Amino acid sequence: MRSKLLTFLLVLLFALPFALLGLLAVSENWRFPAVLPPGYSLDPLRSLVAADNDLLAGLGRSLLLAGTVAVVATTGGFGLARAVARSRWAARWEAASYLPYALPPVLLAVLIQPFIIRLHLSGSVGGVLLGLLLVALPFATLLLRSCWSRQATEYEQLARTLGCTPQQALRRVLLPLAWPLLRTTLFQTFLLAWFDFGLTNVLSVGKVRTLTVQVFTYVGEANAPLAAVASLLLLLPPALLLLANKSALLRKP
Amino acid sequence: MKTTNAFLLNLYGLLVLGLPLAGLGYALLGSVGLAGPLAGGFTGEYWRALGTGSGLPYAALYSVWVAVASVGLSVAVALALVLLAQPTLRRPAVVGLLYVPLLMPSLVVGFYLFQLLSRAGWLSRVSVGLGLTGSLQGFPELVQDGAGVGIILAHVLLSFPFLTLLFQALYQETRLEEYRQLTLTLGASAGQFRRSVAVPVLLRRAAPALLLSFIATLGAYDIPLLLGRPYPQMLSVYIATRLQRFDLHDLPAAYLAGFLVAGVLLGLIAVLLRLTRRARLL
């Protein structure tokens, strides 16, 4: 009985955000004190498919940015984790990797902003990408450090002894061994960039309108239906990722 | 190969150490009038103003309060679930439910809680519908309030499921169920097992993750921006707001705040690294 009650409460707690955001997205003239909307409209959802829709452009921009960050950080992190593992100062490099990952993204953005301005990257996608990589790359490096254990190195050496070229050893031995962790890193760095608002907002000075920036803009304009549609769009990729791989979301460096 | 590794690490060092440290250096120079658009020579004016102005210390105290309350409440809920509802937590459907908040960007949680808890929000409407309150003013102020209730609730909603999953994993990893049966056999009560065995073991093992949660809440930006008031502000909002003002005279004070907050957070991270190493040894 207690177990059922607890399960019900958890379902209620976690389903309510989706229900309320869904209602807001299709509501029309929903004003206080009405508990439910007086009318429903699919206009905000229908307008999504219009060619000049800002939300759809934001979705594309966010997907492109988060996808690029995920691929670059995972690829770079894999190579860097190897370099760190083989360095004489591995522990120091590991500690250094916590520096940008440890600071709140908005504070990091505030600190590096003068240099982003000097590099003429302020307000550009390149500036936001650099800022996001500054957080995602050390995160990926820390997460992927276990790919380069002594066992992995021994497997690599064995493959080379048996006649593999370095490229073959990488493709046939190391990458298959590291694949589960690479997939996790790809997911997590994607989400890191996908969820970001503070760093993007500060570095882009509001010009790179990703979905999170749009949610904030719509909230500021008191446009609850569009803010709700943008919020639901933000929930979509993580939901698909959760369905694809639950454990990939929980692993921490 | 060695040259490639060295080149890669130098480039990496330039990005992850060089850029943030240069930012910290620039913030320090900016706070003493040696850098920034209005740099006019060395001055200790902004550091001296720290002792007289209440903005930064108040923002720091407010952030600490929010972080302590959020992490404390999340830990309490997660521990209660793990220690009092073990059979429920072994059901795969319930575990699946606990993953749901991991899908939610904090900005979306902030927007959702604003729509739910504000005086014109959904709970207030239900309360009017049930006759519990008669008007907007009759409903308690739960968001954009002085005590940060909305901000704390948002952080609890985001972190208690993660901590529950963490504590549950630790409960199984440290074989606490077997210890429970052992302590009960030796005559202890279930409450004594929870207080004297389970809670200390779980908290000690989870200490690095708890400190990380504390640091993340301390530097939170999205949620306090939506659910907080213009005064008091949490640290990240306080700093970002001052840097984005049109009045350039606010910049040195904002650089000073950024420098100090980053310094404190880096100190906490050093403690975290030490705790992580100790936890690995346990």
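Reply: In the meeting of the two chains, 75 residues of chain A are in contact with 73 residues of chain B, where contact means heavy atoms within 4.5 Å. This is a predicted model, in which local features need pLDDT of at least 70 and side-chain atom pairs count only at pLDDT 80 or more, while totals for chains, interfaces and linings use all residues. Residues are numbered from 1 along each chain as its sequence is written, chains are lettered from A and ligands numbered from 1 in the order in which they are written, and side-chain values use heavy atoms, with hydrogens and water left out.

The size of an interface is often given as the accessible area lost when the parts come together. Chain A and chain B bury about 6,800 Å² between them, and 82% of that area is on carbon and sulfur atoms. Buried area here is the accessible area (1.4 Å probe) that two parts lose on being put together, summed over both. Between chain A and chain B there are 0 salt bridges; a salt bridge is a side-chain nitrogen of Lys or Arg within 4 Å of a carboxyl oxygen of Asp or Glu. There are 6 residue pairs in polar contact between the two chains, both residues at pLDDT 80 or more. A polar contact is a pair of N or O atoms within 3.5 Å; within protein, one must be able to donate a hydrogen and the other to accept it, and residues adjacent in sequence count only if both atoms are side-chain atoms.

Several elements of chain A give two or more residues to the side that touches chain B, among them helix H1 (2-26), H3, helix H4 (90-102) and helix H11 (224-244). Helices (H or I, at least four residues) and strands (E, at least two) are DSSP runs, numbered from the N terminus. H1(A) supplies the largest share of this side, 14 residues. By residue type, the side of chain A that touches chain B divides into 56 nonpolar, 10 polar and 9 charged residues. Ala, Val, Leu, Ile, Met, Phe, Trp, Tyr, Cys and Pro count as nonpolar, Asp, Glu, Lys and Arg as charged, and the others, Gly among them, as polar.

Not counting residues up to four places away in sequence, B:Leu116 touches A:Leu16, A:Leu20, B:Gly121, B:Trp122 and B:Leu123. B:Leu116 is buried, because its relative accessible area is 8%; buried means under 20% relative accessible area, exposed over 50%, and partly exposed in between (1.4 Å probe, protein chains only).

Now to chain A itself. Its secondary structure comes to 12 helices and 2 strands, and its C-alpha atoms fill a box of roughly 75 × 60 × 35 Å along the principal axes. Of the 253 residues in chain A, 51% are buried. Among contacts in chain A with a separation of 6 or more, 72% join residues 24 or more positions apart.

Helix H3 (residues 54-85) of chain A has 32 residues; at 1.5 Å a residue it should span 46 Å, and its end C-alpha atoms are 45 Å apart, which agrees. The expected span is 1.5 Å times one less than the number of residues.

Two loops of chain A deserve a look. The peptide bond from A:Phe32 to A:Pro33 is cis, with omega near 5°, and A:Pro33 is in the loop between strand E1 (27-28) and strand E2 (39-40). A:His120, in the loop between H5 and H6 of chain A, has a positive phi of about 60° although it is not a glycine. A:His120 is exposed, because its relative accessible area is 71%.

Last, two residues of chain B. B:Ser70 lies in helix H3 (residues 55-84) of chain B and counts as buried at 1% relative accessibility. A polar atom of its side chain lies 2.6 Å from the backbone oxygen of B:Val66. B:Gln86, in helix H4 (residues 86-89) of chain B, is also buried, with a relative accessible area of 7%. The side chain of B:Gln86 reaches the backbone oxygen of B:Val82 at 2.9 Å and makes a polar contact of 2.7 Å with the side chain of B:Gln168.
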